[in-house]
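User: I would like to go through the sheet, the helices packed on it and the charged pairs of this model, one question at a time.

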Amino acid sequence: MSTTRWFVKNKIIITDFIGDISLDDLKESGMKVMELLEQSDSPLVHLLTNETYLLSLPSSIKEISESSPFMQHPQMGWMIMYGSEDRLAKFKAAIVTGIVKTRHRRFLTLSESLDFLVAMDKSLPSIEEMINQ
């Protein structure tokens with residue numbers, strides 16, 4: 001199962017992956033990310049992916065890549081994954097983001113992820129403002 005929504009309206013999207021993620025889950029999440037990107041008037045929109053409760057992803061790197069056309073969207077900023085130290089998930093993400101040349105990083109916590117984004121994009125509100133929204 002996955003949920004996708006604004007974390008910071010028009011600036012940061014967040015997707016939560018929970019349990020075993022199917023290819024259909026990835027496609028649905030990808031379509032929602034694309035929809036939110038299209039709604040935003042910001043030059044760059046970042047994506048946080050919460051993998052804290054992720055158990056598994058589809059095994060095909062090709063299918064994962066094909067289910068994520070948003071990665072090549074002109075407004076796609078940083079793609080930040082956090083919450084998991086799973087080596088296979090890290091490997092798959094590195095391959096997919098490398099193929100499409102997406103800016104990406106991986107952190108252990110949401111806090112580290114937000115620290116990085118705020119340092120990289122000066123147009124973002126402070127972490128305190130984000131959390132208090």
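Analyst: This is a predicted model. Helix H1, residues 23-39, lies across S1, strand S2 (12-20), strand S3 (45-56) and S4, and its direction makes about 20 degrees with S1.

User: Which strands are the edge strands of the sheet?

Analyst: Five strands form an open sheet with mixed pairing, in the order S1-S2-S3-S4-S5. An edge strand pairs on one side only, and this holds for strand S1 (2-8) and strand S5 (104-107). The edge strands are therefore S1 and S5.

User: What is the bridge partner of Ile80 in S5?

Analyst: Strand S4, residues 76-82, runs parallel to S5 and is joined to it by four bridges. Helix H4 (residues 110-120) also packs on this sheet, touching S1, S2, S3, S4 and S5, with its direction at about 160 degrees to that of S4. Within S5, the residue that partners Ile80 is Arg105.

User: Is Asp16, which forms a salt bridge with Arg5, buried or exposed?

Analyst: The closest N and O atoms of Asp16 and Arg5 are 2.6 Å apart. Asp16 lies in strand S2 and Arg5 in strand S1, so the pair ties together parts eleven residues apart in sequence. Arg5 is partly exposed at 39%, whereas Asp16, with a relative accessibility of 12%, falls under the 20% cut-off and is therefore buried.

User: How many residues apart are Glu51 and Arg106?

Analyst: The side chains of Glu51 and Arg106 meet in a salt bridge, at 2.6 Å from N to O. Glu51 is buried at 4% relative accessibility, while Arg106 is partly exposed at 23%. With Glu51 in strand S3 and Arg106 in strand S5, the pair links distant parts of the chain, 55 residues apart.

Terms used. Residues numbered from 1 in each chain as written. Predicted model: local features only at pLDDT ≥ 70, side-chain atom pairs only at ≥ 80, totals over all residues. Heavy atoms only, no water. Pairing = 2+ DSSP bridges. Helix = DSSP H or I, 4+ residues; strand = E, 2+ residues; numbered from the N terminus. Contact = heavy atoms within 4.5 Å. Axes fitted to C-alpha atoms, helices over the stretch in contact; angles between N-to-C directions. Salt bridge = Lys/Arg side-chain N within 4 Å of Asp/Glu carboxyl O. Buried < 20%, exposed > 50% of the residue type's maximum accessible area, 1.4 Å probe, protein only.
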